[in-house]
Amino acid sequence: MNQVVHQIPLVVVGGWGVDAAMLLPLFDNWPGEIHLVSLTDTIMDRCETVADVARYLLDRYPCPSVWAGWSQGAQVAMAAASQGDLPVSRVITLAGFPRFVAAPDWPVGMAADTFETFRAAVADESGQAWRRFQQLLIHGCDDYRQARKDLLPWLKHGTPVSPDKLVRGLEWLEMEDQVALWRQIRVPALHLQAERDAVVRSWAGSLVPAERSEVVTVAGMSHWPRGQALTLCRDEIRRFVFGKGDLWQV
């Protein structure tokens, strides 16, 4: 029987238009409390920026914890890691990005015209645009039929935020630029990029991360960490958080 050698709280922040609970299978048997945070209307009503969200969550979760952020949630987790000396002991980004929209000094972002087209679609018909985005979460995975089955409950559940907050979340995506932060962050960071991500292009060749950061491309992973990619992600997270020889199983 394996032995748990650590009890470490974990804060998991979801991204744009998704429920953070979609990541729960990734952290099965995590040895500590797990706090799931979706970017809901309640949070977005209180906050004006990604940095505001980070400050709000740091007030709610002041104990030293590992923070994990998925997609836009990665920017929240990194912002939190930059604000506190103790609360964020390590940070993990999953299919994250320092900047989402392309710029002259950030060519690996989404093309501005593509982003504007999607934003207009969300503003005009948020439900339809949101469902198209959900399909992108699993685009490119090997087990697409199973992935559709896995995604179906979340599609039936619907978007976790109201249409106007979906638009606001896109505004945050357009404005937030953490390139300098990701180059300088002092908290140890593990950036897990998806090999088959249909939403976020690989930025590994465009950014030299901070000295205590690692960038790992997970084979076969689409924008949503699931399926076979879960095992690969778990192995990387276990190594990063607990070190060689430590356990994350019961």
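Two strands are said to pair if DSSP finds at least two bridges between them. The exercises below concern a predicted model.

**Exercise 1. Strand β3 and its partner β1**

Determine how strands β1 and β3 run relative to each other, and which residue of β3 is the bridge partner of Leu10.

*Solution.* 
Step 1. Within β3, Val66 is the bridge partner of Leu10.

**Exercise 2. From β3 through β4 to β5**

Follow the bridges from β3 to β4 and on to β5, naming residue partners on the way.

*Solution.* 
Step 1. Strand β4 (residues 88-94) pairs with β3 in the parallel sense, over 6 bridges.
Step 2. Trp67 has Val91 as its bridge partner in β4, and Trp70 has Leu94.
Step 3. The pairing of β4 with β5 is also in the parallel sense, and it extends over 4 bridges.
Step 4. Leu94 in turn has a bridge partner in β5, namely Leu192.
Step 5. As to cover, 5 of the 7 residues of β4 are buried, and the strand is mostly covered.

**Exercise 3. Aromatic pairs**

State how many aromatic pairs the structure holds, and describe the pair formed by Trp30 and Phe242.

*Solution.* 
Step 1. There are 8 aromatic pairs in the structure.
Step 2. In the pair of Trp30 and Phe242, the ring centres are 5.4 Å apart and the planes make an angle of 50°. Planes under 30 degrees apart would count as stacked and those over 60 as edge-to-face, so this pair is tilted.
Step 3. Trp30 belongs to the loop between β1 and β2, and Phe242 to helix α9 (residues 229-242). The pair thus links distant parts of the chain, 212 residues apart.
Step 4. Both partners are buried: the relative accessible area is 6% for Trp30 and 4% for Phe242.

Describe next the pair of Phe118 and Phe133, and name the cluster to which these residues belong.

*Solution.* 
Step 1. Phe118 and Phe133 form a tilted pair, at 6.4 Å centre to centre and 45° between the planes.
Step 2. Phe118 lies in helix α4 (residues 112-124) and Phe133 in helix α5 (residues 126-138), so the pair ties together parts that are 15 residues apart in sequence.
Step 3. Phe133 is buried, with 9% relative accessibility.
Step 4. Together with Trp16, Phe118 and Phe133 form one aromatic cluster.

**Exercise 4. The largest pocket**

Characterise the largest pocket by its space, its lining and the classes of its residues.

*Solution.* 
Step 1. The largest pocket holds about 250 Å³ of space.
Step 2. Its lining has 16 residues, of which Met110, Phe118, Phe133, Leu136 and Val199 are the closest to the centre.
Step 3. Two or more lining residues come from each of the elements α4, α5 and α7. Helix α4 gives the most, with 4 residues.
Step 4. By class, 12 lining residues are nonpolar, 3 are polar and 1 is charged.

**Exercise 5. Positive phi values**

Locate Asn29 and Ser71, and decide whether each is buried or partly exposed.

*Solution.* 
Step 1. Most residues other than glycine have a negative phi.
Step 2. Asn29 is not a glycine, yet its phi is positive, at about 65°. Asn29 is placed in the loop between β1 and β2 and is partly exposed, with a relative accessible area of 46%.
Step 3. Ser71 also has a positive phi, near 55°. Ser71 lies in the loop between β3 and α3 and counts as buried, at 8% relative accessibility.

Conventions
Residues numbered from 1 in each chain as written. Predicted model: local features only at pLDDT ≥ 70, side-chain atom pairs only at ≥ 80, totals over all residues. Heavy atoms only, no water. Phe/Tyr/Trp six-rings, centres within 6.5 Å; stacked < 30°, edge-to-face > 60°. Buried < 20%, exposed > 50% of the residue type's maximum accessible area, 1.4 Å probe, protein only. 1 Å grid on protein atoms, 1.4 Å probe; cavity = no way out; pocket = protein on both sides within 12 Å on 5 of 7 lines; lining within 4 Å. Points joined across faces, edges and corners; volume = space filled by probe spheres on them. Nonpolar A, V, L, I, M, F, W, Y, C, P; charged D, E, K, R; others polar.
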